[in-house]
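Hello,

Here is the model we talked about handing over. Please have a look, then read the notes below it.

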Amino acid sequence: MAYKFYIEVYGCQMNVYDASRIADIMSTTGFIRTMEASEADILIFYTCNIREKAVNKLFSRIGALKKQKTTVVAVGGCVAQGEGEAIFKRNNINISFGSQMYHELPQYVNSVIENKADKILSLNLNHDTNEQGAKFECLPKRQTSSYSEFVTIQEGCNNFCTYCVVPYTRGCEYSRPVADVLSEIKGLLASGTKEIILIGQNVNSYDGEAPYINIGQTRGTWSLDRLILEISNLNGLKRLRYTTSHPKDLSINLMKVHSQIPVLTPFVHVPVQSGNDRILRIMNRKHTALEYVEKLQQFKAICPTIQFSSDFIVGFPTETEDEFYDTIRLAQRVKYTTSYSFKYSRRKDTPADKMEGQIPEDIKENRLKILQTSLLKDQINHNKAIIGTTQEVLFDKAGKKKSQYIGKNIYLQSVIVESDDNLIGNFRNVFIESARENCVFGKLM
Ligand code: 5AD
Ligand code: SF4
């Protein structure tokens with residue numbers, strides 16, 4: 001009998017990519033994917049623990065599902081890595097696997113099914129003798145593809161921002177070899193993918209040559225801009241994006257490729273987190289507010305069409321009201337197209353969790369509201385600015401109303417049109433007629 005597996009994924013784009021690779025390896029080792037949790041013999045949860053809210057959501061979901069008669073429950077990714085042995089105290093979990101170990105999941109599942117083991121813990125993150133990237137060598141070719149696909153080119157982070165769990169859950173920086181990345185993208189383009197999104201926790205630190213980089217080791221001679229130039233020569237590619245960039249690794253060459261490569265969207269996600277120098281310093285962000293703003297100005301001078309999005313954290317330990325308003329001022333100066341903002345969330349074993357001067361929840365809440373109101377004004381202005389223009393849109397979902405379709409332009413603005421034809425997966429030109437806070441409306445050209 002073939003066992004059915006179901007995957008639920010939480011968190012970032014890299015988790016979406018990892019979950020699709022888990023599906024690839026499960027499907028090529030005799031398991032059958034189901035999209036219905038109620039039909040599954042194997043429940044796989046691929047998880048995020050960047051903020052407390054994400055973890056709570058996960059455990060309540062596992063709690064709700066475990067009441068079914070399920071053979072195997074496997075939890076993978078950042079929560080698995082973060083919780084260690086303790087995870088087995090919860091919810092009848094059988095397998096807990098880190099994000100560098102998912103290529104071995106079919107083996108673990110078989111061991112549980114065959115009653116050889118009931119609890120399997122497989123975490124592998126060691127900054128000295130890490131095997132980052134080993135999984136990529138074991139994965140089968142991509143089994144499915146869509147019009148838009150993520151491709152991991154870099155994983156892990158050496159930056160150790162004091163609030164962040166990623167360096168502990170994903171490990172140190174690793175760049176996939178150029179040949180591997182190109183071969184995966186060629187395969188996707190040959191099967192009809194039109195948009196590629198290169199992903200990495202710190203994507204612009206990509207150096208593609210040293211397969212096993214440890215902290216302190218010198219970088220190879222590859223770089224994200226060189227990789228983009230290579231990818232842009234491949235047949236069939238219509239749109240190329242990358243995320244997430246660290247401001248300190250935003251090189252002039254990377255800025256230049258934006259003005260040279262038509263398929264590369266003129267839109268970059270460059271998280272700043274705070275606009276105050278003291279807070280940036282205790283966050284260990286490695287740049288000042290002015291250095292950040294000047295970098296974006298330099299980018300604009302090199303590529304005048306470029307626009308930016310960012311992440312912000314409010315209520316970092318000891319942040320004063322004045323320091324918070326520095327963040328508002330920075331955002332008002334940059335005028336981001338879109339932004340993501342969060343209340344600081346205490347994460348176990350990170351330096352910021354041990355800092356004195358934790359900010360009360362109600363103050364964080366209030367600061368978040370003020371920041372989001374300010375960010376939204378810029379977002380609306382960006383939306384209004386494209387009224388009367390024609391935008392090339394890649395449609396990715398149906399809208400709430402009948403015959404409505406929603407897609408994204410090059411700046412990731414949501415564009416809504418009406419059409420009797422199914423537009424999903426297609427590029428179409430749209431004339432923009434009106435704008436709202438979170439989207440614009442237009443008609444097909
Ligand atoms: N609390 C709140 N937000 C966080 N982020 C990362 N760690 C935390 C935390 N402990 C945010 C940062 C990052 C984004 C992915 O998540 O803004 O850029
Ligand atoms: Fe986390 Fe900072 Fe690394 Fe981003 S750069 S993943 S916020 S440690």
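Tyr 163 counts as buried, because its relative accessibility is 10% (buried means under 20% relative accessible area, exposed over 50%, partly exposed in between, with a 1.4 Å probe and protein chains only). Phe 316 is buried too, at 0%.

A word on conventions. This is a predicted model, in which local features need pLDDT of at least 70 and side-chain atom pairs count only at pLDDT 80 or more, while totals for chains, interfaces and linings use all residues. Residues are numbered from 1 along each chain as its sequence is written, chains are lettered from A and ligands numbered from 1 in the order in which they are written, and side-chain values use heavy atoms, without hydrogens and water.

Aromatic rings

There are 10 aromatic pairs in the structure (rings of Phe, Tyr and Trp, the last by its six-membered ring, with centres within 6.5 Å; planes under 30 degrees apart are stacked, over 60 edge-to-face, the rest tilted). Tyr 163 and Phe 316 make one of them: the centres are 6.2 Å apart and the planes at 85°, so the pair is edge-to-face. Tyr 163 lies in the loop between strand S8 (154-155) and helix H6 (166-169), and Phe 316 in the loop between strand S13 (307-314) and helix H12 (321-334), so the pair ties together parts 153 residues apart in sequence. Helices (H or I, at least four residues) and strands (E, at least two) are DSSP runs, numbered from the N terminus.

Phe 299 and Phe 308 also pair edge-to-face, at 5.6 Å centre to centre and 65° between the planes. Phe 299 is buried at 0%. Phe 308 is buried at 5%. Elsewhere, ring pairs join Tyr 46, Phe 97 and Tyr 102 into a cluster.

Charges over rings

Arg 51 lies over the face of Phe 342, 3.6 Å from the ring centre. Lys 238 has its charged end over the ring of Phe 427, 4.4 Å from the centre. The test is NZ of Lys or CZ of Arg within 6 Å of the ring centre and within 35 degrees of the ring normal.

Ligand 2

Tyr 163 turns up again here. The residues around ligand 2 include Tyr 163, Cys 157, Cys 161, Cys 164, His 246 and Arg 285 (a heavy atom within 4 Å).

Helix H4

The buried residues of H4 (residues 105-113) are Leu 105, Pro 106, Tyr 108, Val 109, Val 112 and Ile 113. Just after H4, Asn 115 has a positive phi of about 60°.

Best wishes
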